[in-house]
Amino acid sequence: MRRLLVVPLALVFLMASAGAAMACAGVFSPNGTVNLLRTSTLAGYADGVEHYVTSFTFSGGGGEFGSVIPLPGVPTTVERGGDWTLQRLNREVTPVQEAFAAANGKTLARTDSAEVLLETTIDALDITILKGGGDEVGTWAKDNGFLLSPDAPEVLDFYADRSPIFMAAKFNAAAAEERGQAIGEGTPIHLSIPTDNPWVPLRILGLGKQEVERVEADVFLLTERKPDIFIPSDGLTLDRSEQGSDGLIADLRSDKGMEWIPEDGMWLSYLRVDSLAGDLTYDLAVDVNGDAPSAVDAGLAKAGAAPSAPAGDGGLPVWLLAGVALGVAGLGVTAGRWSLRRTAA
Amino acid sequence: MKLPLVMGLVGLLAIGSVVVAEARSSSEVPVDINYSRFESEPLRFEAGQTVTFVIRNDDPIDHEFILGNQQVQDRHELGTEAHHDAIPTEVSVPAGATVRTTVTFDEPGKLILGCHLPRHYAYGMRAPVTVG
């Protein structure tokens, strides 16, 4: 699937040798406790390439955490992100803030489960780009020490049905100690992914959470034109939609790896996720080509079905699909709690 | 008879039945595990009935098949046993595996089928079992 961009979030699970809390991600300890901080992610999109910048926070050698993040396509590069891009964006939309930390790379391999497309190490963070279905990626994660939460199988399929590409990340405790990496110190990651439109996985932010737990995240979009964004519920709000200021663009362009931002500026969209995990059943679908956001990208339609659901031209409005999806999800969860269902297979 | 005692008898009566392949005298009851949910026909049995559960785990993560009353579920929710294979009503079901276990229901009552790996039970991995 060739779509988007930015994946701010995500993540799935846990367990590696040291704690990795990804920006915009759910992270769990071995006993299932969720440790989720408010996270930030930038999804920049220019010349058909999504630039996804997020940060993993080292949470110490005692914990066992890791993350798995769905991607819209195979990254052409995985590198250390700039030191202060996310902070600068946060400062643009809030009062003030502060900075970050560290990267490099290497190989290829193959497992019996998911296919390993790329392995690289950035600072003390071991990153693996995987290709496979939900079961395959889940098996790979399990075999590699990740502890998957009970909702992981369904969520992995939710993403793999649309794009079989995932990124797994975990801190190497020994490497972190060797580097003197402090707990709370972040490692920014910058992925460049060719796509047709920007995209941000939101549902995965609720991974491992109880339905009534809150999910909070900041998502920044930088696009060459004002995008059409799928806003399905009160849990996702568009707080800013404006031409990026000259100061912001100049500052971002001066950070490491951010020279892809056009000199003549970009459109800044700032979205805030503040939702119950049980309500966050969709992803952020964005269109920068003048069309309606894709219902498939939003997770409201199966890949291969109607690629988009533009309101008013015969297709179901994406907001209606979202409402139906949320309603069905709510009913499904309620019914599924206690009832036994007959397996279709 | 108290349910704990019933469960104890269930354990004793289901002789060596974990992973029993040939239980001709019992009927087979398929229980699939998918997306961390038990999926099957309603689980209703008669007192004295012996059945072989054929538990198929379609998930890429491990699960458990813990059959018992609420006290049994509560004990396992707080328990620390990483693996189960000694009692027919308490069986570990590895990722992608199919496990068979034979159980005889001695007394009428309401039981629960649950999984107590971290957060699984709270997530909804439980189902009612009625013995009439």
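## Briefing on chains A and B

Chain B contains 3 helices and 9 strands, which from the N terminus on follow the order α-β-β-β-β-β-α-β-β-β-α-β. The model described here is predicted. A search of the whole structure finds 16 salt bridges over all chains, and several of them are set out below.

**Chain B overall**
- Of the 132 residues in chain B, 52% count as buried, and the chain exposes about 5800 Å², of which carbon and sulfur atoms supply 56%.
- Among the contacts in chain B with a separation of 6 or more, 71% are between residues 24 or more positions apart.

**Helix 2 of chain A**
- In helix 2 (residues 134–143) of chain A, the buried residues include Gly134(A), Val137(A) and Trp140(A).
- Viewed down the axis of helix 2 of chain A, the buried residues fall within an arc of 160°, so they line one face of the helix.
- These buried residues pack against strands 4, 7, 8 and 9 and helix 3 of chain A.
- Just after helix 2 of chain A, Gly145(A) takes a positive phi of about 85°.

**Salt bridges within chain A**
- Glu92(A) and Arg88(A) form a salt bridge (2.8 Å, N to O); both lie in helix 1 of chain A, 4 residues apart, and both are buried.
- Arg80(A), Asp123(A) and Arg179(A) are linked in a network of salt bridges.

**Salt bridges between chains**
- Lys142(A) forms a salt bridge with Asp62(B), with the closest N and O atoms 3.4 Å apart, and the pair crosses from helix 2 of chain A to the loop between strands 4 and 5 of chain B.
- Arg119(B) forms a salt bridge with Glu213(A), with the closest N and O atoms 3.5 Å apart.

Note on methods:
Residues numbered from 1 in each chain as written. Chains lettered and ligands numbered in written order. Predicted model: local features only at pLDDT ≥ 70, side-chain atom pairs only at ≥ 80, totals over all residues. Heavy atoms only, no water. Helix = DSSP H or I, 4+ residues; strand = E, 2+ residues; numbered from the N terminus. Buried < 20%, exposed > 50% of the residue type's maximum accessible area, 1.4 Å probe, protein only. Contact = heavy atoms within 4.5 Å. Areas by Shrake-Rupley, 256 points an atom, 1.4 Å probe, with all protein chains shown as cover. Arc of directions from axis to C-beta. Salt bridge = Lys/Arg side-chain N within 4 Å of Asp/Glu carboxyl O.
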